[in-house]
Amino acid sequence: MTYSHLFSPIDLGPLQLPNRILMGSMHTGLEEARNGFERLARFYATRAEGEVGLIVTGGIAPNRQGWLSPFAAKMSSSSEARKHRVITRAVHDAGGKIAMQILHAGRYGYHPFVVAPTNLKSPISPFKPFALSERGIRTTINDFARSAALAREAGYDGIEVMGSEGYLINQFTVPRTNKRTDDWGGDIHGRIRFPVEIIRAIREKVGPDFLIIYRLSMLDLVEGGNTWEEVVIQAKAVRDAGVHVINTGIGWHEARVPTIASVVPRGAYSWVTARMKQEIDIPLVAVNRINTPDVAEGILARGEADMVSMARPLLADPDLPRKARQNRAQSINTCIACNQACLDHIFENKEASCLVNPAACREEEFALRPVHSRKKVLVIGAGPAGMAAAVTAAERGHEVHLYEQSAEIGGQFRLAMQVPGKADYAETIRYYQQRITETGVHLHTGVAVDERILAEGSWQSVIVAAGVRPRIPEIAGMDHPSVLIYDQVLRGEVIPGAKVVIIGAGGIAVDVATFLTTNAATSATYQQEWGIDRGLEHPGGLQPAEEARPLREVTILYRSSGKFGAGLGKTTGWVHRLHLKKMGVQAIGNTEYVRIDEEGLHTLQKGRPALYPADHIVVCAGQVRQNELADMARAVGLDVHLVGGARLAGELDAKRAIEEGTRIGMAL
Ligand code: NAP
Ligand code: SF4
């Protein structure tokens, strides 16, 4: 596929860009880290080298009250502006353009000095805000303008004003959070006065030739959000105040609708930007789950937007634009929307990286150095850890042989991609397949490594990445025909009956329960399930969700007393829990397994007998490592390294597997 729309230049007024890819704003945690600005410079410059059209930085506060968390990055003085110079210089040297996002957190700030239009606490924050006085509003407007002027001084090519996702400006624009009765509240004209005056003040300070982007909340996805007519009024007002480009914002952080998780179909929100295109004549940016150049090209070709925003996809592969331009989309490391190393890290106060690209935000640390002496390396197992180890070692110059006993590469990802909402996991397998070819890894599928291969291969290093196998708990009657192991189910070897009980309540149990209850995710089913108002007739774009129709009756049992799904990702766990609740899945802890027979699964529930009749009982009781080959390799005197599940099965996840594989590939 050629990407003629994606790579047609665009004139944004003060800036001309060679393509239509905007790197969306994303906080990385480097903003506050030691040497963070140097590392950010490298991070952004790497994306500029990858040919992204325009970068927007993570949100920078205009003042202290606007901090997301105590001592977060802000732009309120010339000395702060000077620190940013290293970033703008690096991006410009790499041939890129960069705009700074100004974000005032309002009541989403995680500190006691938070302010908002009205003193209403957010459901996701412990801090009750102070209502801004008229004077406070004026000061805040001036702080935005000063911040923009300082951004210009720091060498940025423009700014983005964050007016969506439920942050301060958005708190002013909707009735949910703005209960003011003065000139800054009331009807839509009063509520949007704050952003309009901010844009005017910025324009006055920075002059006409400095790019201003406004991130507009086009769908609030919360009760008390704006009507579509009000959103359009706001769009026109900020345009008239001096904005060059409008970026789309979808959903507040407190919305109970997933907007970027993997359950959200690709490009699921471009229709919103398309509706705005009927109303307004300045460039518009489409957002959310645009993770491949094909999706991006489709949006632009259909005229739904003028640019596309990608944030996580450029964490996953900084060279996405260049590879697309060179028609090498097969080589793109695609973001799978897992959030596990990016947003989950940020919410845990850790630096962001990327599950499929551990080098993200650690570019210096993960820079690959060519080898001085070429080794013959055996990698056992072509799951995420083995694939990462093999291509990294081969790229550096080693002769790598990758053995996989099944017919296809991918390991646990091949199972995960069967789960509704996880189809993108197949992209990671496609990426590694391509990298294996490009780096010249010798791939041997359908071959189980044995003593002969170990002894006769003249290997100088052996990497055991044989992964894990399911743990089979010791319960009487485990050999009953109704008992299935999760991999049999996900592989489609057996189609379970209408009533299923799952043993175990970890990530795989959640996946299996989703697989057994849920039809493949489409845009229509996603909108119905989460009550998204495609007709834009309801305020906030929300309407009553349709009742779910689960494919089966599923019960999850587990032994511990903790909350179900507590170990799931911070930013996606609630989505899985809510989805399974909608699907009628019950999760019951404090279970002691007694036996399995014709009647079903007999248990003790807090000491009292309970029977769970079931057509099938699916075991999702964790994993044990497969490391027997390591002992065998050591026995013949080989240099052995264990990675991923083969090293440690507990708390195995793909993030650790890929990072460990990459690190060992770098270390050999
Ligand atoms: P897991 O998260 O460790 O969960 C294993 C489950 O099995 C637990 O709920 C445990 O619950 C139960 N269990 C353990 N030993 C048992 C025994 N002897 N008898 C009966 N039950 C037992 O493992 P997993 O679900 O297999 O997932 C593996 C890894 O993949 C995890 O690290 C997970 O994070 C990751 N993963 C993540 C996702 C995701 O959405 N982020 C999806 C899939 C997998 P009790 O001890 O309470 O009974
Ligand atoms: Fe995408 Fe997951 Fe990487 Fe985040 S961690 S950028 S969601 S692949």
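A residue is taken as buried when its relative accessible area is under 20%, as exposed when that area is over 50%, and as partly exposed in between. The model examined here is a predicted one, and by this criterion Arg 215 is buried, as is Glu 165. These two residues form a salt bridge in which the closest N and O atoms lie 3.7 Å apart. The pair connects distant parts of the chain, 50 residues apart, with Arg 215 located in strand S9 (residues 211–219) and Glu 165 in the loop between strand S8 (158–163) and helix H4 (168–173).

The side chains of Glu 348 and Lys 350 form a salt bridge with an N to O distance of 3.2 Å. Glu 348 is classed as partly exposed because its relative accessibility is 35%, and Lys 350 is placed in the partly exposed class because its value is 40%. Another salt bridge joins Arg 634 to Asp 631, with 3.5 Å between the closest N and O atoms. Both residues belong to helix H21 (residues 628–635), and because they are 3 residues apart in that helix, about one helical turn separates them. For Arg 634 the relative accessibility is 44%, so this residue counts as partly exposed.

Turning to the strands, S4 (residues 54–60) is mostly covered, with 7 of its 7 residues buried. Strand S4 is joined by 2 bridges to strand S3 (residues 21–23), the two running parallel, and by 4 bridges to strand S5 (residues 98–102), again in a parallel arrangement. Ile 55 of S4 takes part in both pairings, standing opposite Met 23 and having Ile 98 as its bridge partner in S5.

As regards helix packing, the axes of helix H7 (residues 228–241) and helix H8 (residues 270–277) approach to within 11 Å and cross at roughly 65°, the crossing being right-handed. On the H7 side the contact is made by Trp 228, Val 231, Val 232 and Ala 235, and on the H8 side by Val 272, Arg 275 and Met 276. Classified by residue type, this contact of H7 with H8 comprises 6 nonpolar residues, no polar residues and 1 charged residue.

Conventions: Residues are numbered from 1 along each chain as its sequence is written. Chains are lettered from A and ligands numbered from 1 in the order in which they are written. This is a predicted model: local features need pLDDT of at least 70, side-chain atom pairs count only at pLDDT 80 or more; totals for chains, interfaces and linings use all residues. Side-chain values use heavy atoms; hydrogens and water are left out. Axes are lines fitted to C-alpha atoms, for helices over the stretch in contact, and angles run from 0 to 180 degrees between N-to-C directions. A crossing is left-handed if the near helix is turned anticlockwise from the far one by less than a right angle, and right-handed if clockwise. Contact means heavy atoms within 4.5 Å. Ala, Val, Leu, Ile, Met, Phe, Trp, Tyr, Cys and Pro count as nonpolar, Asp, Glu, Lys and Arg as charged, and the others, Gly among them, as polar. A salt bridge is a side-chain nitrogen of Lys or Arg within 4 Å of a carboxyl oxygen of Asp or Glu. Buried means under 20% relative accessible area, exposed over 50%, partly exposed in between (1.4 Å probe, protein chains only). Two strands pair if DSSP finds at least two bridges between them.
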